[in-house]
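This briefing covers helix packing, the disulfide and a few individual residues. The sequence and structure come first, and the notes follow by topic.

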Amino acid sequence: ADLGKESLDGGKDPHIWLMPTNMIAMGEKVAFTLSELAPENSEQFNSNFATLKVSLSSLDLDLRDSLATCEKKILVTSHAAFQYLADAYGLKQLAITGISPEDQPDGKLLAGIADAAKGAGVTTVFFEDVLPADLSEAVAKAIGASTSLLSALEFTPEGSNDYLSMMRENLKNIQAGLNCR
């Protein structure tokens, strides 16, 4: 069994927004569509997209540069939301639950995940801010690792947080958890 690479029917992981280059493609399509629907505002839509593209390109470059230096390459996550991010930046996701965070692994699968994580020398297990941390904490305890936070951005960020700030917080936590220089 391929622990940690589950997908929806048709082989599609829905968490496409966790890769900044995907966000650029989506933003471009939105700007184009809005320009067609409201041509009188086309200049504003294109200007806003250009600004967004610079920010997302900078984020992509920072992720690429920072995660290339990680001592560890296994990203143990509470659920399989980070496949795009892992694939894009040279990491391997090992997910405790599947695409749906409501999935609950049985004891045998949980033990297999813990064994794979321990065998890979994992020192940090990531849990998500909006999900219970119990499974991540159980795996971390079983292998003598710590836990850290990641956001799959499946919910509207609170306060002054936005996509860019949350992704930069994810980067900071991944860097620390995977011992990146």
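Helix H4 passes helix H5 in a right-handed crossing, a crossing being right-handed if the near helix is turned clockwise from the far one by less than a right angle, and left-handed if anticlockwise. The model is predicted, so local features need pLDDT of at least 70 and side-chain atom pairs count only at pLDDT 80 or more, while totals for chains, interfaces and linings use all residues. Residues are numbered from 1 along each chain as its sequence is written, and side-chain values use heavy atoms, with hydrogens and water left out. Helices (H or I, at least four residues) and strands (E, at least two) are DSSP runs numbered from the N terminus.

**H4 and H5**

- H4 covers residues 107–119 and H5 residues 134–143; their axes are 9 Å apart and the packing angle is about 50°. Axes are lines fitted to C-alpha atoms, for helices over the stretch in contact, and angles run from 0 to 180 degrees between N-to-C directions.
- This angle makes H4 oblique to H5; angles under 35 degrees count as roughly parallel, over 145 as roughly antiparallel, 65 to 115 as roughly perpendicular and the rest as oblique.
- On the H4 side the contact (heavy atoms within 4.5 Å) is made by Leu110, Ala114, Ala117 and Lys118, and on the H5 side by Leu135, Val139, Ala142 and Ile143.
- Seven of the residues in the contact of H4 with H5 are nonpolar, none is polar and one is charged. Here Ala, Val, Leu, Ile, Met, Phe, Trp, Tyr, Cys and Pro count as nonpolar, Asp, Glu, Lys and Arg as charged, and the others, Gly among them, as polar.

**H1 and H2**

- Helix H1 (residues 20–37) packs on H2 at an angle of about 175°, the axes lying 9 Å apart.
- H1 is therefore roughly antiparallel to H2.
- H1 contributes residues including Met23, Ile24, Ala31 and Leu34 to the contact, and H2 residues including Phe45, Phe49, Leu56 and Leu63.
- By class, the contact of H1 with H2 has ten nonpolar, six polar and three charged residues.

**The disulfide**

- The structure holds one disulfide, the term meaning a pair of cysteine sulfur atoms within 2.5 Å.
- Cys70 and Cys180 form it, with their sulfur atoms 1.9 Å apart. The link of Cys70 and Cys180 is right-handed, with 80° about the S-S bond.
- Cys70 is in the loop between H2 (42–67) and strand E1 (74–79), and Cys180 in the segment after helix H6 (163–177), so the pair ties together parts that are 110 residues apart in sequence.
- Both Cys70 and Cys180 are buried (buried is under 20% relative accessible area, exposed over 50% and partly exposed in between, with a 1.4 Å probe and protein chains only).

**Met167 and its contacts**

- Met167 lies in H6 and is buried, with a relative accessible area of 0%.
- Leaving aside neighbours within four places in sequence, Met167 is in contact with Leu18, Pro20, Leu59, Leu63, Leu85 and Leu153.
- Met167 and Leu63 are 104 residues apart in sequence, yet 9.2 Å apart in space, C-alpha to C-alpha.

**Positive phi**

- Most residues other than glycine have a negative phi.
- Leu153 has a positive phi, near 55°. Leu153 sits in the loop between strand E4 (146–150) and H6, and counts as buried at 14% relative accessibility.
- Asn179 also has a positive phi near 55°. Asn179 is found in the segment after H6 and is partly exposed, with a relative accessible area of 40%.
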